Amino acid sequence: MRIVPVKKIERLTESLAIKANTVLRKDIMAGIKKAFLDEKRPLAKMALGQIIQNAKIAAREKLAICQDTGLPVVFVELGQEVFLKGGALDVAVNKGIKAAYKKSGFRRSIIQDPLRGKKDIQFTPVVIYVDIKRGEKIRLTVAPKGFGSENVSRIKMFKPTAEAEEIIDFIVDTARRAGPAACPPFIIGIGMGGTLDKAVILSKKALCCNIAKVNSSHILSRLEGKVLKEVNKIKLGPMGFGGKHTALAVKILTDPTHIAGLPVAISISCHATRSATATI
Amino acid sequence: MKEIKITTPLTKEVIRQLKVGDVVLITGRLFTARDLAHKLLFSSLKKKKKLPFNLKGQIIYYTGPTNTPKGKTIGSCGPTTSSRMDKFTPSLLKAGLAATMGKGQRGQEVTSAIKKFKAIYLVAPGGCGAYLSKRVKKANVIKYRELGPEAIFYLEVENFPAVVAIDSRGKSIYN
């Protein structure tokens with residue numbers, strides 16, 4: 001058994017939240033730079049250049065990459081041999097987020113009453129998913145989700161006999177409807193299988209995957225490539241200025257599902273897709 | 001790419017000359033307002049009450065900045081989605097507002113109003129709040145301080161980059 005003071009989780013959450021919001025993920029930056037070199041349309045190329053400059057300034061001056069510092073989604077992979085001491089896990093995570101956001105001047109974006117009866121806007125509570133794993137390790141991921149892209153995310157319950165083309169069309173249509181305001185080039189996270197809710201969680205986890213890493217499933221890797229190609233055919237381009245790069249990557253995670261169904265969830269994320277991970 | 005320097009207040013002549021797709025660098029004033037401030041401005045207009053600033057020739061920038069760090073003029077201040085402010089925009093254009101600036105498409109009513117009142121719609125680089133903060137030389141809250149990032153800020157900017165997304169002829173970059 002490993003005893004971990006919950007304060008450690010609080011501090012780790014804080015440092016990951018600051019990092020996620022100020023340092024653009026290496027793989028995303030590499031993707032943007034590649035797209036910049038490849039893009040021919042002048043306004044599209046200009047937009048990608050501005051994104052690169054923005055990331056450099058944000059990292060250098062510890063400024064938020066985007067003023068929408070989002071609603072953080074926190075994934076905790078908790079080893080079942082770990083005994084958390086000194087408080088509740090969710091309280092520690094929320095305290096860590098609050099400390100990060102307050103110290104760094106990030107924005108309060110979480111309205112307590114979703115029906116807007118009261119205008120009470122805070123830094124928390126954030127969305128926390130805990131997966132219990134074997135062992136003694138704790139893996140923490142803080143992924144602030146901006147809502148320009150969140151608002152255009154979708155789920156569809158396909159028939160189990162649906163053809164791949166139907167699913168691809170749904171993804172392409174979602175990207176098209178997302179439009180310029182969701183800040184392309186997109187990172188598209190897809191979750192397939194499970195139940196309705198599980199598919200969506202998978203799609204969020206997919207956004208935390210390294211876009212340069214090839215999917216370990218050959219079939220999914222090919223499907224990711226096909227979807228990316230089809231999405232880029234719509235030529236929405238960086239910030240909707242047209243061009244080749246409507247999406248930088250498509251990442252698919254799957255789970256077994258019911259014989260009568262095929263949930264397909266799409267989490268659209270913008271060019272400022274943010275996450276930071278650490279294992280302790 | 002050719003960059004056209006423009007200053008505020010925008011004259012009818014400058015507005016007329018700007019074409020969809022033009023890259024501009026704005027030096028002068030921006031007034032920020034997003035959802036809640038628009039609701040309040042709209043209500044003031046309807047009740048014929050005095051607005052917090054003179055609209056004529058000015059640019060409203062849709063943004064909700066992060067807090068201002070020590071030693072800086074403003075925090076991260078990139079554009080927010082313009083279409084949420086669509087229903088308030090025609091009245092503001094009618095009252096003399098020269099331009100709005102945000103990101104993404106506008107609805108048909110806004111495009112018609114832009115054409116009718118000879119205004120323009122600009123888009124600033126989305127998700128580039130840190131980069132844009134560098135072009136802001138001065139920032140003050142002038143109204144609705146209690147709304148935090150939803151307040152109306154007065155910004156003095158130098159070479160603030162934007163693209164003409166809808167010109168005064170009603171031509172849109174997204175079509």
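**A sheet in chain A**

Mentor: In chain A, 4 strands make an open sheet with mixed pairing, in the order β8-β11-β9-β10. Strands here are DSSP runs of E with at least two residues, helices are runs of H or I with at least four residues, and both are numbered from the N terminus. Two strands pair if DSSP finds at least two bridges between them. This is a predicted model, in which local features need pLDDT of at least 70, side-chain atom pairs count only at pLDDT 80 or more, and totals for chains, interfaces and linings use all residues. Residues are numbered from 1 along each chain as its sequence is written, while chains are lettered from A and ligands numbered from 1 in the order in which they are written.

At the edges sit β8 (154-158) and β10 (247-257) of chain A, each pairing on one side only. From one strand to the next, the twist averages 15°; angles run from 0 to 180 degrees between N-to-C directions, with axes fitted as lines to C-alpha atoms, for helices over the stretch in contact.

Now look at β9 (residues 186-194) and β11 (residues 262-269) of chain A, which run antiparallel and are joined by 6 bridges. For A:I187, the bridge partner in β11(A) is A:S269.

Two helices of chain A complete our tour. Helix α6 (residues 164-178) of chain A packs on the sheet and touches β8, β9, β10 and β11 of chain A; contact means that C-beta atoms, placed from the backbone, lie within 7 Å. The direction of α6 makes about 30° with that of β11(A). Helix α8 (residues 218-232) of chain A also packs on the sheet, touching β9 and β10 of chain A, and its direction makes about 135° with that of β10(A).
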